[in-house]
Amino acid sequence: MESAKRTPRGTRKRDVPLTEAGICVSVLRLIDADGVEALTMRRLAAVLDANPMSLYHHVPNKEALLRGVARMVGTRFRTVTLEDAPWQERMRLLATDFRTLAHQHPNLMAYSFSQPDFIQAEDPFWVALTAVLDAAGVPQSEIPQLAALVCAVVSGVMIAELNGALHRWSSLQPTTPASSEGGPTNEDSGEDRMFRLVLDTIINGLESRLTVDHAGRRDGRPPQNSRRPSACIPRQLRPPAARCEGESQENPVSDMAAGFEPKEQ
């Protein structure tokens, strides 16, 4: 008896028409299971039970498909809305939520972090991050640069977490004799603790920077990191009325330290 012929794949009528959103959902499932390297247009067509050529009516190529999936995942990011909370708390929540999303889709996020355009100006994470920096009192002109640095640090830590490098590095022991003999062992070197340490470093650094800048503006001085101590020259080489900040009118000790003899009384 002649066996029934099977309808060629991709020629049967689909119950649900192909859409870009539906394609992206299937792509994400495939990537979560097998990684970005396993994604091909032919394999995707097989998963969708569609003709491979029909996919090109919705996406031009694999790269555009990956960008679409990354955008879809980005819209699932929970935007921080605690506007009345201290900016430090908002920063921690924002970074923690971003990390949670990365661990939900590690294969996709590891790929996205390697792309220079994985964050766009309209992304919820970037919008929330710049709002937190604004609430912290960062000058508007500096917000893009500081936001970029925060993104670079957090995404770098995420890459090291997802590929296992952070766990390996944290298990390396110091090689210097003084530090390896009888030193305390770090029993709590888990990735959660290390991520909290990263956030502490970011927040403490930003607090210090803002404190210096605010003090400088309050006193009418430029920020501390723009001052040049080397510009303070010995009194004997300055006009009589000029003196360095914090220097008394008569300071023989500072004169001697500079290589000059104090004036005779």
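The model is predicted.

Start with the helix pair. Two packed helices are described by the angle between their axes and the distance between the axes. Here the pair is α5, residues 87-104, and α8, residues 143-162. Their axes come within 11 Å. They cross at roughly 35 degrees, and the crossing is right-handed. On the α5 side, the contact uses Met91, Phe98, Arg99, Ala102 and His103. On the α8 side, Val150, Val154, Met158, Glu161 and Leu162 meet them. By class, the residues of this contact are seven nonpolar, one polar and two charged.

Stay on α8 and find Val153. Leaving aside residues up to four places away in sequence, Val153 touches Val198 and Ile202. Val153 and Val198 are 45 residues apart in sequence. In space, their C-alpha atoms are 8.3 Å apart.

Now turn to the open space. Rolling a probe the size of a water molecule over the atoms shows where empty space is left. The largest pocket holds about 540 Å³. It is lined by 24 residues. Closest to its centre are Ala70, Arg71, Phe118, Ile119 and Asp123. Which element gives the largest share? That is α4, with seven residues. The lining as a whole has 13 nonpolar, five polar and six charged residues.

Technical notes:
Residues are numbered from 1 along each chain as its sequence is written. This is a predicted model: local features need pLDDT of at least 70, side-chain atom pairs count only at pLDDT 80 or more; totals for chains, interfaces and linings use all residues. Side-chain values use heavy atoms; hydrogens and water are left out. Axes are lines fitted to C-alpha atoms, for helices over the stretch in contact, and angles run from 0 to 180 degrees between N-to-C directions. Helices (H or I, at least four residues) and strands (E, at least two) are DSSP runs, numbered from the N terminus. A crossing is left-handed if the near helix is turned anticlockwise from the far one by less than a right angle, and right-handed if clockwise. Contact means heavy atoms within 4.5 Å. Ala, Val, Leu, Ile, Met, Phe, Trp, Tyr, Cys and Pro count as nonpolar, Asp, Glu, Lys and Arg as charged, and the others, Gly among them, as polar. On a 1 Å grid over the protein atoms alone, a cavity is a set of points where a 1.4 Å probe fits but cannot get out, and a pocket is an open set with protein on both sides within 12 Å along at least five of seven lines; lining residues have an atom within 4 Å of a point. Grid points are joined across faces, edges and corners, and a volume is the space filled by probe spheres set on the points.
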